[in-house]
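Please consider the arrangement of the structure shown here, beginning with a single residue and then widening the view to its surroundings, the chain and the interface.

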Amino acid sequence: MIDQLEETIRIEGGQVLATLIRLTGDIDRAEDALHDAAVAAVEEWRRHGVPDRPGAWLTTVARNKALDRLRREVQRAPREREAVRLLDDDMGSGGHGDGDDRLRLLFTCCHPALNPEAQIALALRTICSMSTVEIARVFLVPDATIGQRITRAKSKIAGAHIPYRVPDAHELPERLLPVLATMYAIFTAGHHAPTGAVDARVDLADEGIRLGRVLVEMMPDESECTGLLALMLAANARRAARVDGAGDIVLLADQDRSRWDATAIEEAQALVESVLRRGRPGTYQIQAAIACLHGIARTAADTDWPQITELYRLLEMRTPTFVVRVNHAVAVAESVGPAIALMMLDGLIGTPAERWHLYWAARADFYRRLGDPNAASAAYLRGLDCPCNDSDRRFLQRRVHEMSHRAP
Amino acid sequence: MPRYAALIYGAEPTSEPDPQEWGIVMAEYIHFGETAGAAGVIGAGEALQPTTTATTVHVTGGAKGGDVITTDGPFAETKEALGGFYLLDCKDLDEAIAWAAQIPGAWHGRVEVRPVIDFGENG
């Protein structure tokens, strides 16, 4: 029963919270109400069983709890009175809120008056119900830093009255970039969960794609928006083949490509082609093009690595981050060779890239292919010192084990 | 309705301003005052004399009754000085930002938008 409650909050918490934020007009108040409802659920569900629609149950109970609290505070200010009015109005509908609540919340979290780093953290906290520990893993920073960013952002939203709404059509383009970055972060947290099994939060990948579709419909002319949807679709198409029966990671080259979602890849491919024709390439379109090149390769050997390498070169010119550099080097290892790829990573020595386990995994792989299992093993071990999810950890451990059996 | 202070910062003129340029800026401010005034947004607004006229007052000892120290000039010497302000009554930050972007100080310098603390209607 407790498991079911946790599962409900994990999967549906973002939706419930988004609805509550719309109704109460305040993130803290919404979180308190959801907490009250969860406490009530422990008792209720034990006695009467888990309701048919646990998410809707939580929303209704949380709404009542919020109303109780607000009625006690109502003398205070017009804001509270407004919230009571909204909650009362909403009671009749009996609905579970709609997807638009999460969209509204996404725009609030990405308001330009908030610090860009806080925007994504707040979205992951509220829309995705991720803990500060999980979010800290995403940013490779200490937990306390994330806690502070979220607290500051929430108090600014409340103190400065940052509205909870989807901007008007003419405002959308200038609001778009942080929204895309946040949506991609939501998708990535689902595609590659920061803690637990790699596929522990596939619901977030679905949510990222759902939000992506809504935004593309709102802004069909924004090429980067369509590019991001294509990127998410193409990456997500490999979901079923990424993990084996034992829950272990299967590398791209070893995946059973018949298990890829061909329809999703086709859709992504069509979207990429349509936006690239517009001649305004951007980072999401480039990444989508890369993901599609992987998607259309019938076998690993068929992969067009020279083309992928060229796309990574273009991507790195636009966004010279260490993540792009590592991926670029991986492509170079395939199209040119591991020695030059290893040299490309030497520039990252002593940088924050050393906190990223996949940087070490890439280095280790290049050493392995250069016939240096000792150096490879050392690099895999450095990777194990970095924060990563359980699936990646097992993968790195397996590789360390393999290297020790190969060493001379 | 939330109230916001729109604090107008800009470089202070080092010499007597060109009358024609000054006239243009004044016309811009008059236009803003009329537009925002007609929308019922402006709660108050003042333009300040230059920081050369400012006096900073500090009472020593961290409590009332200490020595009064007066110093010539503003508290903080910065390139951009507070030149004036409006109090804007807006429904949310988006509306406040939209109005602040129409204050001439936003293109001649910059405008800081700060929510005013609401101590409650009954308080």
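In this predicted model, Ala234(A) is in contact with a set of residues that lie beyond its neighbours within four places in sequence. These partners are Ile265(A), Ala268(A), Ala288(A), Ala291(A), Cys292(A) and Gly295(A).

The chain as a whole may be considered next. Chain A contains 19 helices and zero strands. Its radius of gyration is 23 Å, close to the 22 Å that the globule rule gives for 408 residues, so chain A is as compact as a globular protein of that length. Along the principal axes, the C-alpha atoms of chain A fill a box of roughly 75 × 50 × 40 Å. Buried residues make up 45% of the 408 residues of chain A. Among the contacts in chain A with a separation of 6 or more, 63% are accounted for by residues 24 or more positions apart.

Finally, chain A meets chain B: eight residues of chain A are in contact with seven residues of chain B. On the side of chain A that touches chain B, five residues are nonpolar, two are polar and one is charged.

Conventions: Residues are numbered from 1 along each chain as its sequence is written. Chains are lettered from A and ligands numbered from 1 in the order in which they are written. This is a predicted model: local features need pLDDT of at least 70, side-chain atom pairs count only at pLDDT 80 or more; totals for chains, interfaces and linings use all residues. Helices (H or I, at least four residues) and strands (E, at least two) are DSSP runs, numbered from the N terminus. The radius of gyration is taken over C-alpha atoms; the globule rule is 2.2 Å times the number of residues to the power 0.38. A residue is buried if 20 or more other C-beta atoms lie within 10 Å of its own, exposed if 12 or fewer, and partly exposed in between; C-beta atoms are placed from the backbone. Two residues are in contact if their C-beta atoms, placed from the backbone, lie within 7 Å. Ala, Val, Leu, Ile, Met, Phe, Trp, Tyr, Cys and Pro count as nonpolar, Asp, Glu, Lys and Arg as charged, and the others, Gly among them, as polar.
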